[in-house]
Amino acid sequence: MTHELASAVGLPSPTPAEGPLAASNSSKGRGWWRDAVIYQVYVRSFADSDGDGIGDLRGTTQRLPYLAQLGIDAVWLTPFYASPQADGGYDVADYRTVDPLFGNLADADDLVRTAHELGMRVIVDIVPNHTSDQHPWFRAALAGPTSQSAGSARERYYFRPGKGPAGELPPNDWESVFGGPAWTRTADGEWYLHLFAPEQPDLNWDNREVHEEFESVLRFWLDLGVDGFRIDVAHGMIKAAGLPDIGHKEQARLIGAQKLPFFDQDGVHEIHRSWRRLLDSYPGDRIGVAEAWAPSPDRLALYVRPDELHQAFNFQFLRCPWDPAAMRAVIDESLAATASVGATTTWVLSNHDVVRHPTRYGGGRRGLRRARAAALLMLALPGSAYVYQGEELGLPEVTDLPDEVRQDPAFFRAAGQDGFRDGCRVPIPWAGQEPPYGFGPGSSWLPQPDSWRELSVEAQTGDPYSTLELYRSALELRRRLPGGPMRWLPGPEGLLALSRPGLVCTLNTTGSVIEIPLPGRLLLSTDGMEPSGDTARIPTDSCAWWAI
Ligand code: GLC
């Protein structure tokens, strides 16, 4: 419906962002990321080309035409580097090699080239806060002398003697994000720091070699042609001097809510500045995206100052409950904070670490209605937006995975904690009547629910009421809209109404229909609403776009 829709409402043709990127890559300063829609591919769960049940780079490349048709600007690929996979590849043993599970370097090269030919950019993940415990540096650290001897290979990590008469207690009270102590004791009695799993020792960013190595790794991938990096734990590389105790249990719950001595330390910004200089030294607009769980929009905005990174995920928006006042406040604060540093906001509703938003918003039909409405709101806001694979299909969280198939290290370290991350990582249903629904020629590493038959790409394609067609329409219209600043419009309680040049967006967050004077010509709605006369009846938990 989108082509007829766009021409029927008299919107201009798409901007030249479409088509092969070769030409635009040679010119700097367009700021493509400022309003880009970037699609997150969780490689292991996207598309499997070789039948081992695990998604791979070739599978992803084969599905790139689908993403181009969806209308996204860039793809972010989660880590595909050599890794023992203790944390889904966020435990990297060799930053310059593709893990055989996912393919090889030629496959990575092919993926980047194909994406560029289709007019999409490619962002890869870089994991600088920690390595795998199988990384040569960490193996050398364990094999060599303790941190007390000068020049020890342990200086690249955080090794410390323990507390207590025999050093039997960890050096401080820090807890791992995945639960349990953030320290593990080695055979010779020293302890090492790991903010995540024990298989992910934290690097010491006070060490010169660590800086040099990562600059070299960034160059390696930039030379291969990637358009930027999503920087894992971008708020974590610097720890407070002296590694002070926190004096509080359940520290994982404080992340993003309060300042901790291992997150959001001012020193991280120097690293991002140096990486910005490196990105700028390459042709084209190469970008850095911070995964930073900062305690406030103002702290987050520091990561996107003009000489730092280009984007930082807005997790305040992601965490916001279905409450119009809270949504409005977080949108206002985020826009103000990023504007104060001359950046744009980067909206996100789901990713591979959180419960999928249809489930967060209550699950079932109501959760899906709200998820669709939230997506339309997000895509109406000024700034960039990230779409997590499968959200365009309205996939819910899988909440009944049997324990024996789970792989999230958090599940094993923090029994009793909710929100484990396997349920949002179940492989994508593409087509067909039987699992793995076209994910690959074999099975899938996590089982897909039977109900996903109706949610496959094939099942939704061409159905004007499907979530997939809703996303396609929204992305096409968004490209044709002129953009520009937003302002709130007055409206009845529970209705969020905003306008931007050419567009009004109305979101009914309440459990009942809201009637308002017709805001304009209906462009798109999450509810298939048909306005009549001068009044618009906005259904419960729905969102609509109007041309003005
Ligand atoms: C980030 C990743 C997450 C990973 C963690 C440790 O938060 O998104 O998946 O477990 O970093 O690398």
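This report describes the ligand site, the aromatic contacts and some backbone features of a predicted model.

Residues are numbered from 1 along each chain as its sequence is written, and side-chain values use heavy atoms, with hydrogens and water left out. Because the model is predicted, local features need pLDDT of at least 70 and side-chain atom pairs count only at pLDDT 80 or more, while totals for chains, interfaces and linings use all residues.

**Ligand site**

Around the ligand there are 14 residues, of which Asp-87, Asp-232, Glu-291, Asp-353 and Arg-421 come nearest; a residue is near if one of its heavy atoms lies within 4 Å of the molecule. The shell consists of 4 nonpolar, 3 polar and 7 charged residues. In this division Ala, Val, Leu, Ile, Met, Phe, Trp, Tyr, Cys and Pro count as nonpolar, Asp, Glu, Lys and Arg as charged, and the others, Gly among them, as polar.

| Residue (polar side-chain atom) | Distance to an oxygen atom of the ligand |
|---|---|
| Arg-230 | 2.9 Å |
| Asp-353 | 2.4 Å |
| Arg-421 | 2.9 Å |

On its own the ligand has 310 Å² of accessible area, and the protein covers 96% of this. Accessible areas come from the Shrake-Rupley method with a 1.4 Å probe; for residues, only the protein chains shown count as cover.

**Aromatic contacts**

Rings of Phe, Tyr and Trp (its six-membered ring) pair if their centres lie within 6.5 Å; planes under 30 degrees apart count as stacked, over 60 as edge-to-face and the rest as tilted. The count by this rule is 26 aromatic pairs. In one of them, Tyr-81 and Trp-221, the ring centres are 5.4 Å apart and the planes stand at 55°, so the pair is tilted. Tyr-81 belongs to strand 3 (residues 81–82) and Trp-221 to helix 7 (residues 208–224), so this pair ties together parts that are 140 residues apart in sequence. Helices (H or I, at least four residues) and strands (E, at least two) are DSSP runs, numbered from the N terminus. Both Tyr-81 and Trp-221 are buried, where buried means under 20% relative accessible area, exposed over 50%, and partly exposed in between (1.4 Å probe, protein chains only).

Phe-411 and Phe-420 make an edge-to-face pair, 5.1 Å centre to centre with 85° between the planes, and both residues are buried. Arg-406 lies over the face of Phe-411, 4.9 Å from the ring centre. A charge sits over a ring if NZ of Lys or CZ of Arg is within 6 Å of the ring centre and within 35 degrees of the ring normal. The charged end of Arg-360 likewise sits over the ring of Tyr-361, at 5.8 Å from its centre. One aromatic cluster is formed by Trp-76, Trp-293, Phe-313, Phe-315 and Tyr-386.

**Backbone features**

Most residues other than glycine have a negative phi, and most peptide bonds are trans. Pro-435 and Pro-436 are joined by a cis peptide bond with omega of about 10°; Pro-436 lies in the loop between helix 14 (409–413) and helix 15 (457–460).

Glu-250, not a glycine, has a positive phi of about 55°. This residue is in the loop between strand 9 (228–231) and helix 8 (268–280), and Glu-250 is partly exposed at 47% relative accessibility. Asp-541 also has a positive phi, about 45°, and sits in the loop between strand 19 (535–538) and strand 20 (542–547). Asp-541 is buried, with a relative accessible area of 5%.

Definitions and conventions. Polar contact = N/O pair within 3.5 Å; in protein donor to acceptor, adjacent residues only side chain to side chain.
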